[in-house]
Amino acid sequence: PSILFYVLANGGNKTEYGLVLSAFSFSSFVAKPIMGTLSDRIGFRPLFITSFWILIIGGAMYTLADAVPEQHAVRCILLSRILMGIGASNNVLTFCYVARVVPHEEQTHVNTMLGLGRILGMSG
């Protein structure tokens, strides 16, 4: 709920708020199949590290959007949300890793625990 106030406080309007809000989900949606394909080519570890750095940079940009001139602040917030969506798309890598490493009989249980961990993590 704070994104609306952050966008408005930085000179944005409700249309820009909608764009900023949807940017995270859209960029994550686009990046997930790319992450899955790249994990087959270069492995999980480099992608995890890269995606965490992208997520950190996006978070820093979001936090520091107040420091840029007002005419660029909403663009900075939008770009940060795009970067955070790309970084957060790494959750698909854990499911790919489970599919590759965990025996088939245990995959349902492990994926359920991963999903439960994500839900509990967001609620805490």
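**Helix packing and cores in a predicted model**

From the N terminus onward, the elements of the protein follow the order α-α-α-α-α-α.

Student: Why are helix 2 and helix 4 called roughly parallel?
Tutor: The axes of helix 2 (residues 14-42) and helix 4 (residues 70-88) cross at roughly 30° and come within 7 Å. Angles under 35 degrees count as roughly parallel, and helix 2 and helix 4 are therefore roughly parallel to each other. The crossing in which helix 2 passes helix 4 is right-handed.

Student: Which residues make the contact of helix 2 with helix 4, and how are they divided by class?
Tutor: Helix 2 contributes residues including Leu19, Phe24, Ala31 and Met35, while helix 4 contributes, among them, Val74, Ile77, Ile82 and Ala88. By class, this contact of helix 2 with helix 4 has 14 nonpolar, 3 polar and 2 charged residues.

Student: Why are helix 3 and helix 5 called roughly antiparallel?
Tutor: Helix 3 (residues 44-63) and helix 5 (residues 91-101) pack with their axes 11 Å apart, at an angle of about 165°. Angles over 145 degrees count as roughly antiparallel, and helix 3 and helix 5 are therefore roughly antiparallel to each other. Helix 3 passes helix 5 in a left-handed crossing. The contact is made by Phe44, Leu47 and Phe48 of helix 3, together with Leu93, Thr94, Cys96, Tyr97 and Arg100 of helix 5; by class, the contact of helix 3 with helix 5 has 6 nonpolar, 1 polar and 1 charged residues.

Student: What makes up the largest nonpolar core?
Tutor: This core has 10 residues in all, namely Ile3, Tyr6, Val7, Val20, Tyr62, Ala65, Val74, Cys76, Ile77 and Met84. Helix 1 (2-9) and helix 4 each supply at least two residues of the core, and its largest share, 4 residues, comes from helix 4. There is also a second, separate core of 5 residues, which includes Met35, Phe44, Leu47 and Leu93.

Student: Which residues does Val7 touch, setting aside those up to four places away in sequence?
Tutor: Val7 touches Gly12, Asn13, Glu16, Tyr17, Val20, Val74 and Ile77, and of these Val20, Val74 and Ile77 also belong to the largest nonpolar core.

Student: Why is Gly87 called buried?
Tutor: Gly87, which lies in helix 4, has a relative accessible area of 0%. Buried means under 20% relative accessible area, so Gly87, at 0%, is buried. Not counting residues up to four places away in sequence, Gly87 touches Ser51, Ile54 and Leu55. The C-alpha atoms of Gly87 and Ile49, 38 residues apart along the chain, are separated by 9.7 Å.

Student: What are the contacts of Leu83, leaving aside its neighbours within four places in sequence?
Tutor: Leu83, also found in helix 4, is in contact with Ile54, Ile57, Gly58 and Met61. The C-alpha atoms of Leu83 and Phe24 are separated by 7.7 Å, although these residues are 59 residues apart along the chain.

Methods. Residues are numbered from 1 along each chain as its sequence is written. This is a predicted model: local features need pLDDT of at least 70, side-chain atom pairs count only at pLDDT 80 or more; totals for chains, interfaces and linings use all residues. Side-chain values use heavy atoms; hydrogens and water are left out. Axes are lines fitted to C-alpha atoms, for helices over the stretch in contact, and angles run from 0 to 180 degrees between N-to-C directions. Angles under 35 degrees count as roughly parallel, over 145 as roughly antiparallel, 65 to 115 as roughly perpendicular and the rest as oblique. A crossing is left-handed if the near helix is turned anticlockwise from the far one by less than a right angle, and right-handed if clockwise. Contact means heavy atoms within 4.5 Å. Ala, Val, Leu, Ile, Met, Phe, Trp, Tyr, Cys and Pro count as nonpolar, Asp, Glu, Lys and Arg as charged, and the others, Gly among them, as polar. A nonpolar core is a set of buried Ala, Val, Leu, Ile, Met, Phe, Trp, Tyr and Cys residues joined through side-chain atoms within 4.5 Å. Buried means under 20% relative accessible area, exposed over 50%, partly exposed in between (1.4 Å probe, protein chains only).
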